[in-house]
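Dear colleague,

I am passing on to you the structure shown below, together with a short account of what was found in it. Please read the account with the sequence and the structure open beside it.

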Amino acid sequence: MSSDVAVPLLSVERLTMRFGGLAAIDDLSLDVPPGKITGVIGPNGAGKTTFFNCLTGFYKPTVGSVRLNHPERGVLRLEDLPSHQVAHTAQVVRTFQNIRLFPKMTVLENLIVAQHNVLQKASQFSLAGILGLPSYRRAEAQAVAKAVDWLTRLGLIDKADTAAGDLPYGTQRRIEIARALCVDPLLLCLDEPAAGLNPRESGELNELLLRLVADEGLTILLIEHDMSVVMNVSNHICVLNYGRKIAEGTPKQMQNDPNVIKAYLGEEEADELLYGEKGGESTGVTP
Amino acid sequence: MALALQQLINGLTLGAVYGLIAIGYTMVYGIIGMINFAHGDIYMVSAFIAVTGFTLLAAFGVSSVPFALVVVLIVAVLFTSVYGWAVERLAYRPLRGSTRLAPLISAIGMSIFLQNMVQLTQGARVKPIPPMLTGGIDIYETAEFTVRIAYSQMLIVLVTVGLMIAFSWLITRTSFGRQQRACEQDRTMTALLGINVDRTISLTFMLGAALAAVAGVMVTVYYGVVDFYIGFVAGIKAFTAAVLGGVGSLPGAMLGGLIIGLIEAFWSSYLSAEYKDVATFSILILVLMFRPSGLLGRPEVEKV
Amino acid sequence: MPPLVFANDAPTAAERLKDASGVALIALLLGIPMIGLTTADQGGSLQVLTRWPLLAAFIAASFCGRLVVRYLLDALKRRRQAQDRQAGAAGAKETRRGGRMLESIGWLAFGLALVLPIVFSDNRYVVDTATTVLIYVMLGWGLNVVVGLAGLLDLGHVAFYAVGAYAYALLSTQFGWGFWAALPVAGIIAGVFGLALGWPSLRLRGDYLAIVTLGFGEIIRVVLINWTDFSGGPNGISSIPRPTFFGLPFVPSSDNPTFATYFGLEFSPMHRIIFLYYVILVLSLLTNVLVKRLRKLPIGRAWEAVREDEIACKALGMNVTNAKLSAFALGAMLGGVAGVFFAARQGFISPESFTFNESAIILAIVVLGGMGSQLGVVLASVVLVLLPELGRDFAEYRMLLFGAAMILIMVWRPGGILSHREPTLLLSSEGGRRE
C-alpha cells in the first residue's frame, strides 16, 4: 500500500475553538497520515496547544470534528470523548508542554500508573490483587517488563527507582515520553518535547522519534519550536498562526514559504531575508 | 405577606453581617489560596472587645449611644486588625510555599487556640450587655402583625453599605488595591515588579479582620449577647457565602452573604428553625454542582 | 576560609533587642483587650476588671521568649549552613535506610501494643487511654486513604464515624443485631453515604470539596440532633449492647455462661476493657494491612497519581472520578467501622461526640503524622491523645495547648512528622525476586 493514498489516521475538520470572542483555533482542517511524523509549528500563541487540548478531550471544540480511524474500533469522534477515554479507547496519548509527571513517585511507578487500565482489570476490583492471585501477579510482572523495556530503550533504566521529581529537566522529558508509550498509543501527541533540551539531547530526541516510527509503526503529532527537530524528523508540517492554518507541506517547502517566514519574522525582516542584498538564496527559518 | 416582609428585613440584616465576614475569607482566599479557618474567631474576638468596650464606656458614664458606637467601632477595628496580622504572621507566613494542607491545619489549630484563649481570659459564660439601640420604625401594620425595622437593623445595613462603597473604592482605585489584585493574579511576578508581597498579604489580613471586627461590633449591638463559640458557626456560614458568591469576588461575597441570610430567615419562619443550617449547606452543595465557580465568580478554564 | 561571608550572619545585640521590642509591642496590643481587660458578671450586670500585672508578665515573657527563640533559630540556621557546605549529596541511600528503620519502629510499636494490656492488666486508665489512641489510629488510617493518598481534602470525616456509630446503635437496639454482624453492615452503610456525597462533589476543586464535606458533617449532626424519633435527638441512644467474646458476655453473673465462668476465671471488669482493646487493635491492624496492600495495587497507585497530577492521569486514560470515589468510599467505610466500635465501647452515643472538632482532630492526625505515612498516623495519634491527657492537671489549658501544638508542629515540619514516602515497588527488589 502506498503511503500517499493511505486513509489518514486522524482527520480534523473545520475545527474552531472560541474563548469568549477570541478564536484560538479558527476553521482548522488537517489530515494526519499513519506511520508518519506530522509537525505542527507556529509562533507563540498560534493555538498549537489549544489544538492538542481539543484533540485529547481537555477542551470541547466550539465547532468541527476530529475523527480517528481506529484499526479495530472503527471511526471514533474524539471531540465527543472525555479526556480519559481519548487515551483509553482511542489510544491517542499526549505529553505536556510543562512536564506533568507524578513527582513524588518513582520513574518506574510513573510508568506503571500509565498501564492503570490493564492492571486494574487484571486486579478485578482489587480483589485478585489483595489476595495476590497468580493472574494478577502475572499481569503486574508483564507491566513491569514493559516499563523496563521502554526505560532501557530510552536509556533511563538506572533511574527507575528515583523519584521522578528529583531528576533533571531533560530526563523528565524523556520519562514523560516513556510513560506515554506505556499506554500503547496509536497516535502520540508530543507538546514541545525538545523545550529546554540542549543540542545533544535534542539530537537524541530526533533519533528516538525516527526509531519509534520505524520500529513501532507509531504515528506522531509533534508541536515544536526547535526547528532542528521539526525540520529533520517531520514528514509533513502544518503551520498555524492566529489559530489558522497558513501553510502545509514538506519541511523543504515550509522553509521557503513566504507566508511562514512572515509569520515568524514579521513582514519587514522577512522581506529583507527573502529578497535582500544577496537575492534569491534563502536561508530558511532555522534559528 | 407581613411576615414575609419582616423576614426579608431580618434576612437582609443577617446577610449583611455574613457578607462582611465573607469578604475577609474571599480576599484571603484570593491572595494566598487558603481557607483562613480562624477568620470566624477573629470576628468573635472583636465581639468580645466590643463587650469590654461598651461596658467600660458605661462605667465612665458615657451615655451617648452614637459616641459609644463610634469609639467602640474604632477601638475594635484597631485591635482586631492586630489580631488579623498576628494570625497571618505566626501561623500562615512560615508555611507559605509548602503543601496546600499545611496552612489549613495550622489555621484550624489557630481557630482552636483563639476560641480557648478567649474562653480562658474572658470566661466561658455567655456575656450579655444591656440593650443599647432599642426601638425602631413600624412600617406596616396588620391586625395581628407589625412589621418593624429596628434601629439596630438600620444601623447594620447602613454601615455595611457604607463600608462596601469605601471598600470597593479601596480595591479598585488605590495603589494598595492594585497591589492586592496583582498579588491575586501572580505573586511571583508582583514581587519581581518590586512590590512587597508580604506587606500586601499582611494588609489583606488586617483589612479582612477590620471588616470582621465591624461585623462583630454590630452583632454585639444587635443580639446583645456574645460567647466564645459564635465564631465557628458564623465563620462556616460566611465561608459558605463566599463560595456561593464565587471565591475571589467581593460583590459575590456580599451577594452570597445576603442569600444565606435570606435563606436562613425564610427557612426558619416558614419551614423549620432546626433545619436552617441543613438548608444552607444543601443549597451550597447544589450551587457548587451546577455552577462550580459560584454565582459571580469567573468560570475557570482548566489550565492544561 | 569560607568562600562566602554572610553580612547578616550574626545580628548585633541592638538588633536583637529591637526585634524583641517589636514583638513585645505586638504582645501589648494583643494583650490589652484579652488579658489586660476582662468583664465579669457582678450583681447582675457586667463590670470591667483589669489585670495589668498579668499583662505585664505576658509582655515580659514575649520579650524574653523572642530573644531566646531568635537566638536559637539563628544558631540552628548557621549550623545547618555549615553542614550543607560540608555534606554534599548523600541522600538516596539515606532514605532507603530511613525506610527500613521506620519499618522496625513499626514492628516495635506493634509489639508494644500487643503486650500493653498484659503489662497494665490492672490499670484501667492506661488500657482505656490506649484504646482511645487506637480508635484515632484507625480513624486516621481510614482518612489517610482519602487525604494522604488521594489528596482529597475531607473536613467532614466525622460524619461517616457518626453514621457507623448510629447504624450499629440502631441495628442493635431496634433489631437486636450483634456487634460482629453489624460491623460490616454498618461499614457498608457508611461507605454508601460516602459514595452518595462523593459522587456529586468529587468533581469540585479541592477547597470546595473541603467546604462541602464540612457542610455534610454539620448536616448529619443537625439531623441527628433534631430527628428525635430516629436518633433520640440530643439525648442520643443509650444501652447499646457491648460486644461479646464469641457469644460469651462480660457480665458478673448470668444464667448462661459468661466469659468469666466459661474460662473459670473470677469476674473482673478489666476483662471487658482488655477485650475491647484487643478488638480495636485487630480492627486497626486489619485496616493497616488492607490499606498497605491497596497502596501497592493499581487502585492505590492511581490514588497517589491523582494526588500528584490529576490532568496527567486523565491524559493516561485513567478515570479520575472513579479513583477518587473509591478512595472516598473506602475512607468512609473504615470511618464507619470505627464508629461501630466507638458505639459498642461507650454503650451510649449522642451527637455531642460527632462535632467538627472531632473531624479537625482526625485530619490533624493525618497531616501532622505526615501525609500518607501509616506510622506517622500512629505517632500523631499518640501525641494528640496523650498531650491533653498529660495536661489533665491543668485541664483548662488542654485545648489551648492542643491548638498551639497544631500550629507549632506544622510550622516546624510542614510535611508532617514523618514525610518519608516508601515506593510501592522497586526495580532492584523486583529483579532480585525474578533472579
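Arg100(A) pairs with Asp309(C) in a salt bridge, and the closest N and O atoms are 3.0 Å apart. Please note that this is a predicted model. Side chains of opposite charge can pair when their charged atoms come close. Between chain C and chain A, the count is three salt bridges. The contact itself takes 32 residues from chain C and 38 residues from chain A. About 3,100 Å² is buried between chain C and chain A, with carbon and sulfur atoms accounting for 65% of it.

The interface of chain B and chain C may be considered next. Here, 63 residues of chain B are in contact with 59 residues of chain C. The size of an interface is often given as the accessible area lost when the parts come together. For chain B and chain C, the buried area is about 5,400 Å², and 78% of this comes from carbon and sulfur atoms. On the chain B side, Leu101(B), Ile105(B) and Leu120(B) lose the most area to chain C, and together they give 11% of what that side buries. How many salt bridges does the rule find across the interface of chain B and chain C? The number is zero, whereas the count between chain C and chain A is three.

Over all chains, the structure holds 31 salt bridges. One that lies within chain A joins the side chains of Arg200(A) and Glu204(A), at 2.9 Å from N to O. Arg200(A) and Glu204(A) are four residues apart in helix H8 (residues 199-216) of chain A, so about one helical turn separates them.

Two surface patches also deserve mention. The first topic is charge: a patch of positive charge on the surface brings together Arg137(A), Lys292(C), Arg293(C) and Lys296(C). Of these residues, Lys292(C) belongs to helix H10 (residues 269-295) of chain C.

The other patch is nonpolar and covers about 700 Å² of surface. Met1(B), Ile137(B), Ile139(B), Tyr140(B), Tyr151(B), Met154(B) and Leu158(B) make up this patch. Which elements give two or more residues to the nonpolar patch? They are strand E2 (136-141) and helix H5 (151-173) of chain B. Ile137(B), for instance, is located in strand E2 of chain B.

With kind regards

Note on methods. Residues are numbered from 1 along each chain as its sequence is written. Chains are lettered from A and ligands numbered from 1 in the order in which they are written. This is a predicted model: local features need pLDDT of at least 70, side-chain atom pairs count only at pLDDT 80 or more; totals for chains, interfaces and linings use all residues. Side-chain values use heavy atoms; hydrogens and water are left out. Patches are made of residues with over 30% relative accessible area and no salt bridge: like charges are joined within 9 Å, nonpolar side chains (Val, Leu, Ile, Met, Phe, Trp, Tyr) within 5 Å. Accessible areas come from the Shrake-Rupley method with a 1.4 Å probe; for residues, only the protein chains shown count as cover. A salt bridge is a side-chain nitrogen of Lys or Arg within 4 Å of a carboxyl oxygen of Asp or Glu. Lys and Arg count as positive and Asp and Glu as negative; His and the chain ends are not counted. The place of a charge is taken as NZ of Lys, CZ of Arg, CG of Asp or CD of Glu. Contact means heavy atoms within 4.5 Å. Buried area is the accessible area (1.4 Å probe) that two parts lose on being put together, summed over both.
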